[in-house]
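The following note sets out numbered points on the model shown below. Please read each point alongside the coordinates.

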Amino acid sequence: MLLLTLGALLACASSRLYYLRTELPFLDDDPNLAVVPGPWKHPDVPVVLSNAATIPDDLVLPALKALMALPGAVDACDPNTRRQRRDAVEYCVSIYKTPQDWRVSWPIRSFMGEEGSCQPAYGGVDDEEFGPDVPIFGFAHNHPCGTPVSSRDLKVFPAMRLEQGGWVVVSYGATPSGKLIRDSRGELVPAWGWLATGHRDSPRFYKWNQAGRMYRWHEQRRDWELASTCQPGTPPGPLSHRGGPPECIPALEW
């Protein structure tokens, strides 16, 4: 009986896809400071041995492919209304660094109002080997069925409509101690961003920095190719709280 129960528990653990936000602990009982476990136990998401100071592509690209396969993350549009189906869901993950490698946390799935309520684990990651003090370098979340990419971190990314949704990863600058850098207003300072869009079985990947250099992933060559250079559009004003779209040369074709 004990063996059967243990086997059932192991099977349940191996079939887990994500954590609900309601399952997570919170620092100081603050609902904004959820702590997510790590690393994500997914067969296609690696732990990347690297001392690099920036998030390696060998971690980001496989993670994005796996995230796009989560239920409701992409391909969640109603073909008649072109709006989100009821099964459209937002998820969040954290990308972090241990003393020896780079890892991705378990995805968080919110339970209510899922299509627009994903909130990153600002309380940190509790890694099963290294504990809760691992530095986080970036966060990722998805936009199912073309919901706007609205983060201020994406101000140089060209405006577009992602009909099937997309996954966005944003990394931030960090100090040698691993603390994220903030500007004079207390906002995180972004460094690089990645976008995965398209269908889950045929994704397209883009990468950009805050200087506006836009790259497209070339799967056959396994390398990034420069696609465009973009500048921020007009700043937000009374008529547009998001401001004008970035200007890119040459114009990007999606």
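In which sense do β13 and strand β14 pair, and over how many bridges?

1. Pairing of β13 and β14. The two strands, β13 and β14 (residues 247-249), pair in the antiparallel sense over three bridges. Strands here are DSSP runs of E with at least two residues, helices are runs of H or I with at least four residues, and both are numbered from the N terminus. Two strands count as paired if DSSP finds at least two bridges between them. Within this pairing, Ile249 in β14 is the bridge partner of Thr229.

2. Basis of the values. The model is predicted: local features need pLDDT of at least 70, side-chain atom pairs count only at pLDDT 80 or more, and totals for chains, interfaces and linings use all residues. Residues are numbered from 1 along each chain as its sequence is written, and side-chain values use heavy atoms, with hydrogens and water left out.

3. Overall composition. The protein has two helices and 14 strands. Of its 254 residues, 44% are buried, a term that denotes under 20% relative accessible area, with exposed over 50% and partly exposed in between (1.4 Å probe, protein chains only). Contact means heavy atoms within 4.5 Å; among contacts in the protein with a separation of 6 or more, 58% are between residues 24 or more positions apart. The protein exposes about 14000 Å², of which carbon and sulfur atoms supply 55%. These areas come from the Shrake-Rupley method with a 1.4 Å probe, and for residues only the protein chains shown count as cover.

4. The disulfide. A disulfide is assigned to a pair of cysteine sulfur atoms within 2.5 Å, and by this rule the count comes to one. The cysteines are Cys230 and Cys248, with their sulfur atoms 2.1 Å apart. The pair links distant parts of the chain, Cys230 lying in strand β13 and Cys248 in strand β14, 18 residues apart. With 110° about the S-S bond, the link of Cys230 and Cys248 is right-handed. Both Cys230 and Cys248 are buried.

5. Strand β12 (residues 213-218) runs antiparallel to strand β13 (residues 223-231), and six bridges join them. Arg213 stands opposite Thr229 in β13, and Thr229 is also bridged to Ile249 in β14. Four residues lie between the strands of the β12 and β13 hairpin, where Arg222 takes a positive phi near 55°.

6. Asn209 lies in strand β11 (residues 202-209). Why is Asn209 classed as buried? Asn209 is buried because its relative accessible area is 14%. A polar atom of the Asn209 side chain lies 3.1 Å from the backbone nitrogen of Ala211 and one lies 3.0 Å from the backbone nitrogen of Arg213. Such polar contacts are pairs of N or O atoms within 3.5 Å; within protein, one must be able to donate a hydrogen and the other to accept it, and residues adjacent in sequence count only if both atoms are side-chain atoms. Not counting residues up to four places away in sequence, Asn209 touches Val156, Ala191 and Trp192.

7. Strand β8. Asn142 is found in strand β8 and is buried, with a relative accessible area of 0%. Its side chain reaches the backbone oxygen of Ala73 at 3.2 Å, and a polar atom of the Asn142 side chain lies 2.8 Å from the backbone oxygen of Val89. Leaving aside neighbours within four places in sequence, the contacts of Asn142 include Glu90, Tyr91, Gly166 and Trp167. Phe137 also lies in β8 (residues 136-143) and is buried, at a relative accessible area of 10%. The C-alpha atoms of Phe137 and Ala53 are separated by 9.5 Å, although the residues are 84 apart along the chain.

8. Strand β5 and its partners. From strand β5 (residues 101-104), Asp101 and Arg103 point one way and Trp102 and Val104 the other way, and all are buried. Strand β3 (residues 48-49) pairs with β5 in the antiparallel sense over two bridges, with Val48 opposite Trp102. Strand β4 (residues 91-97) also runs antiparallel to β5, joined by three bridges, and Ile95 has Val104 as its bridge partner. β4 and β5 form a hairpin with three residues between them.

9. The largest nonpolar core. This core has 56 residues, of which Trp40, Ile55, Leu64, Val104 and Trp167 touch the most other members. Helix α2 (residues 57-68) gives the most to this core, with eight residues. A nonpolar core is a set of buried Ala, Val, Leu, Ile, Met, Phe, Trp, Tyr and Cys residues joined through side-chain atoms within 4.5 Å.
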